[in-house]
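Keep the sequence beside the view.

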Amino acid sequence: MVQKEVLDLCLERYYDRMIEGIQNNMRIPSVKGEPEAGAPYGKFVNIALEDALLQAKELGLRVKNIDHKIGYAEIGKGDQMIAVLGHLDVVPAEGEWKHPPYEAVISEGILWGRGALDDKGPIIGALYALKAIQDSGIQLNKRIRVILGTDEESGSSCVKHYITSKEEMPSCGFTPDAQFPVIYSEKGAIQIVIEQKLTAKEDMLFEECNGGKAINAVMSNFSIAFFDEQTKTRYQKIFEGKNAHASEPWKGINAALKASKELLTLDDIPEAIKRMSCFIQESLMMFPRELEKNIHSGEDLGKITLNLGKMYKKKESVFYEFDIRYPYGINAADVIDQMGQLAGKYKMTIADKKNNPPLYISKDNEIVRKLMNLYCSEMGEEIAPIAIGGSTYAKSFPNMVAFGPIFPFQENKIHQPNESVDLKDLYRAITLIMYAMVVLAQ
């Protein structure tokens, strides 16, 4: 049984310290950077990891830094270990913000800044929840480990390093990296880089092309410059779109798509620009519907989505970075093959590809049932587990699901300008995370 009253009192003692610890980590702009000695994902990501581990150490938790790529804090005894997996890296803070994205301002009970929800607020909070469990003296049958990743936003190589380093695998666990109640199915994510090679003449005319900062976000800016040989004029323009998560591209406005529409209205544009524009239009507007016609999932777990996250010119080529989300039951090879066919239509090729398979755990699974029972009991509502288009850290380990931190009544501001959270909702989420740790460890 979860002794909630005791746990609540223990966590409440750390409230001010916990919020300050979350703010301090949010003030570190831990976007992935160039590798340095002792900082494989960049200086600021490493500083964020060291800060979190120092907070855990000062709380009296057992800690370990695994080659500056990933770390953990742990309590308890036992042969088995359950894990809470979160990350300290963040996506770039694009767009207009009400408060500076790395100042962690609290205004009228709202915490503003990059990482408030994804994922510093929940995972730093989990460290203090771990300490509260330790202080409570509640009997556990398993150890509890809070794992602190640092490369979730760029491929989760940190967890791969954890596994290849022969660190202990959890018997089960969850990640507070998405939403409540429990996510039992997540779409797979295919990342494809398409290359458009330019002739020497095309390269000379095609001066600049640059857009987006992350493959898993809708491109919110796009710049292009080229010389029109027919009209003897130089065209240069910056297009603005609207940022959104790659799993929900319809919530954003892709700046490259916006550019392609205008470019195709111009007279006598260079052939390379025309091919680029037509390819963007077909890939974003028609291709997802064609995939749906030709490839079907065996279960209603959502539709295939496609996002063009980045574009850039390098040497004598233009590169397009796509993020495609597909539900469980669909063969990724079929999707990649059809994307290759579309690229070939415009004399382009696949330069690189990666696939992160879907996650699917039965609704009858013991972890799903326990976490669902906990959530419904605490929130006083009957609700079903959900399937999502996003990809969470839960895919990193077997027998893991996503649990929190966003409640159904909250607006999802992950990856958005003005990422923020009401401190009451954040504290409620951290409390549920604490209860869930005990439920699984008992």
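A residue counts as buried when its relative accessible area is under 20%. By that cut-off, 57% of the 442 residues of the chain are buried. Keep in mind that this is a predicted model.

Start with the overall fold. The chain holds 11 helices and 21 strands. Its radius of gyration is 23 Å, close to the 22 Å that the globule rule gives for 442 residues, so the chain is as compact as a globular protein of that length. The C-alpha trace spans about 80 × 45 × 40 Å along its principal axes.

Contacts come next. Take those with a separation of 6 or more: residues 24 or more positions apart account for 76% of them.

Now turn to charge. The chain carries 52 positive and 61 negative charges, and their mean positions are 2 Å apart. The structure holds 19 salt bridges.

Begin with Lys 4 and Glu 378. Their closest N and O atoms are 2.2 Å apart, in a salt bridge. Lys 4 lies in helix α1 (residues 4-12) and Glu 378 in helix α10 (residues 366-379), so the bridge ties together parts that are 374 residues apart in sequence. Lys 4 is partly exposed, at 24% relative accessibility. Glu 378 is also partly exposed, at 29%.

Move on to Lys 32 and Asp 151. This salt bridge has its closest N and O atoms 3.3 Å apart. It links distant parts of the chain, 119 residues apart. Lys 32 sits in the loop between α2 (15-26) and α3 (43-58), while Asp 151 sits in the loop between β6 (143-149) and α5 (157-164). Are the two partners buried or exposed? Lys 32 is partly exposed, with a relative accessible area of 38%. Asp 151 is buried, at 1%.

The last pair joins two strands. Arg 62 and Glu 74 meet in a salt bridge through their side chains, at 2.9 Å from N to O. Arg 62 belongs to strand β1 (residues 62-66) and Glu 74 to strand β2 (residues 70-75), 12 residues apart. Arg 62 is partly exposed, at 41% relative accessibility. Glu 74 has a relative accessible area of 7%, so it counts as buried.

This pair does not stand alone. Salt bridges link Arg 62, Glu 74, Arg 143, Arg 145 and Glu 168 in a network.

Definitions and conventions
Residues numbered from 1 in each chain as written. Predicted model: local features only at pLDDT ≥ 70, side-chain atom pairs only at ≥ 80, totals over all residues. Heavy atoms only, no water. Helix = DSSP H or I, 4+ residues; strand = E, 2+ residues; numbered from the N terminus. Rg over C-alpha atoms; globule rule 2.2 N^0.38 Å. Buried < 20%, exposed > 50% of the residue type's maximum accessible area, 1.4 Å probe, protein only. Contact = heavy atoms within 4.5 Å. Lys, Arg positive; Asp, Glu negative; His and termini not counted. Charge placed at Lys NZ, Arg CZ, Asp CG, Glu CD. Salt bridge = Lys/Arg side-chain N within 4 Å of Asp/Glu carboxyl O.
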